[in-house]
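Here's a quick briefing to read alongside the sequence and the 3D view. Have both open and look up each residue as it comes along.

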Amino acid sequence: MGKQDAIELEGTVTEVLPSATFRVTVPSGHEVLTTLAGNMRRNRIRVLAGDRVTVEVSPYDLARGRITFRHKN
(Lines give C-alpha, C1' and ligand atoms only; values in the text may rest on other atoms or scores of the structure.)
Protein backbone atom coordinates (compact mmCIF):
# COMPACT_ATOMS: atom_id res chain seq x y z
CA MET A 1 0.00 0.00 0.00
CA GLY A 2 1.36 3.36 -1.00
CA LYS A 3 0.64 6.79 0.31
CA GLN A 4 -1.99 7.45 -2.39
CA ASP A 5 -4.00 4.30 -1.66
CA ALA A 6 -7.36 5.24 -0.15
CA ILE A 7 -10.39 3.23 0.85
CA GLU A 8 -13.56 4.24 -1.02
CA LEU A 9 -16.87 3.90 0.83
CA GLU A 10 -20.42 4.91 0.08
CA GLY A 11 -22.44 6.56 2.79
CA THR A 12 -25.19 9.02 3.67
CA VAL A 13 -24.67 12.55 4.97
CA THR A 14 -26.29 12.76 8.39
CA GLU A 15 -25.14 16.17 9.59
CA VAL A 16 -23.87 19.37 7.95
CA LEU A 17 -21.22 21.17 10.01
CA PRO A 18 -19.47 24.54 9.47
CA SER A 19 -16.52 25.04 7.07
CA ALA A 20 -17.66 22.50 4.43
CA THR A 21 -17.46 19.66 6.95
CA PHE A 22 -19.96 16.80 7.07
CA ARG A 23 -20.69 13.76 9.22
CA VAL A 24 -21.27 10.71 7.02
CA THR A 25 -22.64 7.34 8.14
CA VAL A 26 -21.31 4.35 6.20
CA PRO A 27 -23.24 1.05 5.87
CA SER A 28 -21.07 -0.65 8.52
CA GLY A 29 -22.51 1.81 11.06
CA HIS A 30 -19.38 3.92 11.53
CA GLU A 31 -19.48 7.71 11.36
CA VAL A 32 -16.79 9.52 9.36
CA LEU A 33 -15.98 13.23 9.67
CA THR A 34 -15.46 14.45 6.11
CA THR A 35 -14.67 17.54 4.07
CA LEU A 36 -15.36 18.31 0.42
CA ALA A 37 -12.73 17.47 -2.18
CA GLY A 38 -11.16 20.41 -4.01
CA ASN A 39 -12.88 19.86 -7.36
CA MET A 40 -16.28 19.70 -5.65
CA ARG A 41 -15.61 23.08 -4.02
CA ARG A 42 -14.34 24.52 -7.30
CA ASN A 43 -17.44 23.36 -9.20
CA ARG A 44 -19.73 24.48 -6.33
CA ILE A 45 -21.42 21.11 -5.91
CA ARG A 46 -23.93 21.34 -3.07
CA VAL A 47 -24.11 18.55 -0.52
CA LEU A 48 -27.09 18.41 1.85
CA ALA A 49 -28.14 16.14 4.70
CA GLY A 50 -29.56 12.90 3.32
CA ASP A 51 -27.43 12.84 0.15
CA ARG A 52 -25.65 9.62 -0.88
CA VAL A 53 -21.93 10.29 -1.30
CA THR A 54 -18.67 8.48 -2.05
CA VAL A 55 -16.01 9.01 0.62
CA GLU A 56 -12.26 8.41 0.42
CA VAL A 57 -10.81 7.35 3.76
CA SER A 58 -7.12 7.02 4.59
CA PRO A 59 -6.12 3.58 5.90
CA TYR A 60 -4.26 5.35 8.71
CA ASP A 61 -7.22 7.31 10.12
CA LEU A 62 -10.61 5.72 9.46
CA ALA A 63 -12.49 8.47 11.33
CA ARG A 64 -11.71 11.21 8.77
CA GLY A 65 -12.23 11.37 5.04
CA ARG A 66 -12.96 13.37 1.91
CA ILE A 67 -16.20 13.48 -0.10
CA THR A 68 -15.32 12.88 -3.75
CA PHE A 69 -18.72 12.31 -5.41
CA ARG A 70 -22.41 13.08 -4.76
CA HIS A 71 -24.78 10.51 -6.23
CA LYS A 72 -27.97 11.57 -7.97
CA ASN A 73 -31.10 10.61 -6.06
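**A first look**

Ile-7, Leu-9 and Leu-62 make a nonpolar surface patch of about 230 Å². Patches are built from residues with over 30% relative accessible area and no salt bridge, joining like charges within 9 Å and nonpolar side chains (Val, Leu, Ile, Met, Phe, Trp, Tyr) within 5 Å. Areas come from the Shrake-Rupley method with a 1.4 Å probe, and for residues only the protein chains shown count as cover.

Keep in mind that this is a predicted model, where local features need pLDDT of at least 70, side-chain atom pairs count only at pLDDT 80 or more, and totals for chains, interfaces and linings use all residues. Residues are numbered from 1 along each chain as its sequence is written, and side-chain values use heavy atoms, leaving out hydrogens and water.

**On the surface**

- Leu-62, one of the patch residues, sits in the loop between β4 (52-57) and β5 (64-70). Strands here are DSSP runs (E, at least two residues), numbered from the N terminus.
- Leu-62 counts as exposed because its relative accessibility is 54%. The cut-offs are simple: buried is under 20% relative accessible area, exposed is over 50%, and partly exposed is in between (1.4 Å probe, protein chains only).
- Glu-8, in strand β1, is exposed too, at 53% relative accessibility.
- Leaving aside neighbours within four places in sequence, Glu-8 is in contact with Thr-54, Val-55 and Glu-56. Contact means heavy atoms within 4.5 Å.
- The C-alpha atoms of Glu-8 and Arg-41 are separated by 19 Å, and the two residues are 33 apart along the chain.

**In the core**

- The largest nonpolar core has 12 residues in all, including Val-13, Phe-22, Leu-36, Met-40 and Ile-67. A nonpolar core is a set of buried Ala, Val, Leu, Ile, Met, Phe, Trp, Tyr and Cys residues joined through side-chain atoms within 4.5 Å.
- At least two residues of this core come from each of β2 (21-25), β3 (31-36) and β4, and β4 gives the largest share, three residues.
- In soluble globular proteins, nonpolar side chains tend to be buried together.
- Val-24 belongs to this core.
- Thr-54 lies in strand β4 and is buried, because its relative accessible area is 9%.
- Among the residues that Thr-54 touches, beyond those up to four places away in sequence, are Glu-8, Leu-9, Arg-66 and Phe-69.

**Salt bridges**

- How many salt bridges does the structure hold? There are three, each being a side-chain nitrogen of Lys or Arg within 4 Å of a carboxyl oxygen of Asp or Glu.
- Arg-52 pairs with Glu-10, with the closest N and O atoms 3.8 Å apart. Arg-52 is in strand β4 and Glu-10 in strand β1 (residues 7-17), so the pair ties together parts that are 42 residues apart in sequence.
- Arg-52 is partly exposed at 37%, and Glu-10 is partly exposed at 42%.
- Glu-15 forms a salt bridge with Arg-23, the closest N and O atoms being 3.2 Å apart.
- Glu-56 and Arg-66 meet at 3.0 Å, N to O. Glu-56 lies in strand β4 and Arg-66 in strand β5, so this pair ties together parts 10 residues apart in sequence.

Definitions and conventions. Helices (H or I, at least four residues) and strands (E, at least two) are DSSP runs, numbered from the N terminus.
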